[in-house]
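Good morning, and thank you for making time for this item.

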Amino acid sequence: MREIIRLVTVLTVLCVLAAMALARVYEFTKDPIVNQRRLAKLRAVEAVIPEHENQPDQDTVTIDIGEGNKRLVYRGTLEGQITGIAFEVSSSKGYGGEVVAMLGLDPNGLIYGIEIVRHSETPGLGAKITTPEFRSQFKGRSISNTKFMLKKDGGDIDQVTGATTSPRAIVKAIREGMEFFNDHKDTITEDKG
Amino acid sequence: MSVLNDFLNGFWNENPVFRLVLGMCATMAITTQAINGIGMGLAATFVLVCSNFVVSVMRKIIPEKVRLAVFIVVIATFVTIVDLVMEGFFYEIHKALGVFIPLIVVNCIIIARAEAFASKYPVINSIADGLGMGLGFTISITVLGMIRELLGNGTIFGITIFSKSYQAFLLALIPGGAFIALGLLLGMMNKINEKLGYKG
């Protein structure tokens with residue numbers, strides 16, 4: 001009995017000390033972490049929209065896309081006019097799982113840029129979707145002038161050497177993003193969201 | 001054994017990657033780039049030194065029966081601290097290492113040193129051991145990362161070594177390539193030890 005009490009006491013004291021230490025560190029790192037996450041997102045947004053003077057993550061619209069899912073849309077403005085719209089698109093059909101991209105459009109629905117936010121594709125093959133060569137081909141495309149499918153599948157987008165699955169996943173995500181924008185264009189470009 | 005010997009032990013004689021062959025999961029997964037090796041290695045070194053220190057200080061009061069539970073609480077606490085601090089202040093490298101930072105908790109090197117060394121030896125020796133093992137681990141996985149990055153991408157630490165026309169050897173970047181590169185390095189170290197007449 002005495003031994004059990006000793007075991008329990010040592011473990012309890014240790015766990016309390018550990019919890020106290022972690023609480024201090026958590027308090028200390030809480031703000032920097034929130035800030036870093038925000039900056040990372042902001043960098044992706046700013047890389048894909050045209051010139052703007054606001055903080056796009058301070059001017060957002062949330063749109064219900066059904067089944068309880070919502071999509072956050074970032075808006076860049078210059079002199080009160082919307083100059084760019086950005087939102088995340090994703091597909092679970094990548095070779096290594098989910099691929100997530102930030103899609104940036106101008107107010108007319110032409111693609112201004114895309115950035116790959118997150119992926120687990122094979123280095124050197126599927127991961128080539130992150131290269132500027134692959135990404136730049138989307139610029140200026142819109143739902144009316146482009147069929148968002150790989151050339152191999154009868155569309156207009158070039159695949160990358162040695163990989164089909166990864167670009168196919170990204171193109172699918174972008175196609176869905178473009179359709180989403182088309183469906184919700186008016187809500188997104190309204191002055192106040 | 002002197003403190004210096006305890007420190008040097010981890011670099012060659014009991015190098016965690018090449019001699020003890022511990023911590024393989026992280027080793028295989030993150031060594032696609034040399035910089036990842038440094039980030040992972042230093043994070044693990046910090047945890048190792050701290051956990052060795054705490055375990056050594058407490059070695060007389062840790063009851064034998066719950067010692068593994070105690071080690072895990074101590075290690076998990078330091079890993080969480082590293083995870084939070086890295087995300088707050090070294091965001092890019094934290095993102096590159098991803099889930100492997102929290103997984104330092106189950107890196108066998110750390111609990112192995114707590115069990116085999118820190119719970120038996122004085123504080124100074126335990127710190128030296130943690131530092132040596134950690135830096136031995138860091139150097140090992142950085143070397144592995146340099147080899148894989150060079151072969152698979154033509155760069156080291158992101159600096160281009162082979163020109164753009166280099167046809168990347170992609171095998172080096174996938175897990176299979178990690179096993180092959182590690183195997184060759186292991187064999188090389190064994191050969192050197194044989195030449196030196198070292199009894200392993």
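To speak of the hand of a crossing, we need a convention: a crossing is left-handed if the near helix is turned anticlockwise from the far one by less than a right angle, and right-handed if clockwise. Please keep in mind throughout that this is a predicted model.

Let me begin with the contact between the two chains. Helix H1 of chain A covers residues 2–48, and its partner is helix H4 of chain B, residues 67–89. The angle between H1(A) and H4(B) is about 15 degrees, and their axes lie 7 Å apart. Angles under 35 degrees count as roughly parallel, so H1(A) is roughly parallel to H4(B). What classes of residue make up the contact of H1(A) with H4(B)? There are 18 nonpolar residues, five polar and two charged.

On confidence, chain B has an average pLDDT of 89, and 98% of its residues score at least 70. Among the elements of chain B, H4(B) has the highest mean pLDDT, at 95. The lowest, 84, belongs to strand S2 of chain B, residues 159–160.

I turn next to packing within chain B. H3(B) and H6(B) meet at an angle of about 30 degrees, with 10 Å between their axes. That value makes H3(B) roughly parallel to H6(B). Their crossing is right-handed. H7(B) packs against helix H8 of chain B, residues 175–196, at about 120 degrees, again with axes 10 Å apart. H7(B) and H8(B) are therefore oblique to each other. H7(B) passes H8(B) in a right-handed crossing.

Finally, the cavity. Rolling a probe the size of a water molecule over the atoms shows where empty space is left. How many cavities of 30 Å³ or more does the count give? The count comes to one, and the largest cavity holds about 30 Å³ of space.

Which elements of chain B each supply at least two residues of its lining? They are helix H3 (34–57), helix H6 (108–118) and helix H7 (123–153). The lining consists of Ala44(B), Leu48(B), Asn107(B), Ile109(B), Ile110(B), Gly134(B) and Phe137(B). By class, five of these lining residues are nonpolar and two are polar, with no charged residue.

That concludes my part, and I welcome your questions.

Note on methods:
Residues numbered from 1 in each chain as written. Chains lettered and ligands numbered in written order. Predicted model: local features only at pLDDT ≥ 70, side-chain atom pairs only at ≥ 80, totals over all residues. Heavy atoms only, no water. Axes fitted to C-alpha atoms, helices over the stretch in contact; angles between N-to-C directions. Helix = DSSP H or I, 4+ residues; strand = E, 2+ residues; numbered from the N terminus. Parallel < 35°, antiparallel > 145°, perpendicular 65-115°, else oblique. Nonpolar A, V, L, I, M, F, W, Y, C, P; charged D, E, K, R; others polar. 1 Å grid on protein atoms, 1.4 Å probe; cavity = no way out; pocket = protein on both sides within 12 Å on 5 of 7 lines; lining within 4 Å. Points joined across faces, edges and corners; volume = space filled by probe spheres on them. pLDDT = per-residue confidence, 0-100.
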